[in-house]
Amino acid sequence: MMQESRGMSRTRVGVGTCLAVIFAALPASLDPCLGLADSPQVKPNMIVILADDLGYADVGFQGCRDIPTPNLDRLAAEGVRCTNGYVSHPFCSPTRAGLMTARYQQRFGHENNPRYDPKDNVAGLPTSQHTVAEVLAAAGYVTGAVGKWHLGAAPQFHPNRRGFQEYFGLIGGGHDYFRCNPPGETNEYLIPLRRIPLQRNEPLQRNEVEECFEGYLTDVLSKEAVSFIERHQKERFFLYLAYNAPHTPLQATDERLSRVAHIEDPVRKTYAAMICALDDGVGKVWETLQNLGLAENTVVFFLSDNGGPTEVTHSSNSPLRGAKGSVYEGGIRVPFVVTWKGVLASGTTYDLPIISLDVPATAAALAESAFPDEPGIDGVNIMPHLLGEDSAPPHDTLFWRTGGGASWAVRRGEWKLLRRGQSPAELYRLDTDIGESRSLTAAHPEKVEELRALYESWNRDNIAPLFESPRPAKKKPSPRPAAPAK
């Protein structure tokens, strides 16, 4: 499968060229039309599975030993594990904005988490931005989203109005895992340590109609994802499955807790049990694809929206430094897998840096389509790189910015420069210091200036944040109700 470069563009490959490579790699037994007589070539189904606050080292294929993740490990074994896989922001909503648009979210001001407020017409993914769901729907795909949205609660930001024909999930940033309030009744929980009210119990929504659920939320979302695949197995589909696990509140079923009874730390134990539920859901999705004969015509992307919040959930980002919210590697480098059975070489790794912005760009290319504002797209089609047809790095440079520039980072090759607030800039060489433990600013001042200039040039095209994240609550948190007996 790995071949010499054929002179493809470093940053973008023509859709026809890319698809020709993929068709040549398809197994002979695979019908390229898959029953779709209107297409002379295969356009694969696509599933994006997004975990929420998953630690870099908390799945088996990343070396975890205390949390069993057999299904995620199998997904990685069937495809390519991207060892330098990044997200475009170190926390929730901005990452999701980039994942929808293939653009650095700082370009359009989506740099903070929106508060859940259906009357706020500003705090959300700007309607001026095209989404991957819109692109794929226009290309003939059935588009569905299941799970956490967190891209604005006002009607114009709703998934059904942003290209997703079907939606079931939570519009806000978090939710109780065992219950929701009846329509019209809401309450808030407070995230530990930060005391920011984001955990709400408003009903979930099926399309734009409120609906409560029964059972454990992660299981409910997995069931909905399976149902979407089964209903649309004869069509081309794009499914965005955005779990809110293992985000707080830390709640798990007794059965999952029993699987991780060996973990003594009660906080990490519950967090681990939530990952077990996530792993079960991924297993059900993969099993459904296998049973329906769709695995060889479905590209599956799996990643987390940011690094683990280690102080809150006792997650592990080892050997990386930092956590969710940080521009150190622990905030932005995540478990990242791309699987296309029979096409991508199984059990392999890809070691050059890629970023979550590449997921929607790749999806558009595989659908033989493109974003309307293609010249402004920052993501690239990584499929030729994963196939070994393009040996050049997908990106010359990657960038991060939080708080309108309060903290930022830039990576070029193995060099990374970052600055946190008013602290001095820090320079690291990641191939020899993945834990960012020894700043090399004094030894390489020329590299500091080179990377700083790259960041400043990139940042000139960005705008200020359009809205602020919710401020910490002033009142003391009320006790969280106990989970129902199971």
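Are Lys 416 and Glu 329 buried or exposed? Both Lys 416 and Glu 329 are buried, where buried means under 20% relative accessible area, exposed over 50% and partly exposed in between, with a 1.4 Å probe and protein chains only.

## Basis of the description

This is a predicted model, in which local features need pLDDT of at least 70 and side-chain atom pairs count only at pLDDT 80 or more, while totals for chains, interfaces and linings use all residues. Residues are numbered from 1 along each chain as its sequence is written, and side-chain values use heavy atoms, with hydrogens and water left out.

## Salt bridges

The structure holds 29 salt bridges, each a side-chain nitrogen of Lys or Arg within 4 Å of a carboxyl oxygen of Asp or Glu. One of them joins Lys 416 to Glu 329, at 2.8 Å from N to O. This pair links distant parts of the chain, with Lys 416 in strand S18 (residues 415–420) and Glu 329 in helix H9, 87 residues apart. Helices (H or I, at least four residues) and strands (E, at least two) are DSSP runs, numbered from the N terminus. Salt bridges that share partners also join Asp 219, Glu 255, Arg 256, Arg 259 and Asp 280 into one network.

Another salt bridge is formed by Asp 52 and Lys 148, whose closest N and O atoms are 2.6 Å apart. Asp 52 lies in the loop between strand S1 (45–51) and helix H2 (70–77), and Lys 148 in strand S4 (residues 142–148), so the pair ties together parts that are 96 residues apart in sequence. Both Asp 52 and Lys 148 are buried. Glu 426 and Arg 321 also meet through their side chains in a salt bridge, at 3.9 Å from N to O. Here Glu 426 belongs to strand S19 (residues 426–429) and Arg 321 to the loop between helix H8 (310–313) and helix H9 (329–332), so parts that are 105 residues apart in sequence are tied together. Glu 426 is buried at 9% relative accessibility, whereas Arg 321 is partly exposed at 32%.

## Cysteines

The structure holds one disulfide, a pair of cysteine sulfur atoms within 2.5 Å. The disulfide is formed by Cys 180 and Cys 212, with their sulfur atoms 2.4 Å apart. Cys 180 lies in the loop between strand S6 (174–175) and strand S7 (188–190), and Cys 212 in the loop between strand S10 (209–211) and helix H5 (217–231), so the pair ties together parts that are 32 residues apart in sequence. Cys 180 is buried, with a relative accessible area of 12%, whereas Cys 212 is partly exposed at 35%.

For Cys 276, the closest cysteine sulfur is in Cys 64, 9.4 Å away and too far for a bond. Cys 276 is buried, with a relative accessible area of 1%.

## The cavity

On a 1 Å grid over the protein atoms alone, a cavity is a set of points where a 1.4 Å probe fits but cannot get out, and lining residues have an atom within 4 Å of a point.

The lining consists of Val 48, Leu 99, Met 100, Val 132, Phe 238, Tyr 240, Val 359, Pro 360 and Ala 363. Helix H3 (92–101), strand S11 (237–242) and helix H10 (358–366) each give two or more residues, and H10 provides the largest share, three residues.

Technical notes: On a 1 Å grid over the protein atoms alone, a cavity is a set of points where a 1.4 Å probe fits but cannot get out, and a pocket is an open set with protein on both sides within 12 Å along at least five of seven lines; lining residues have an atom within 4 Å of a point.
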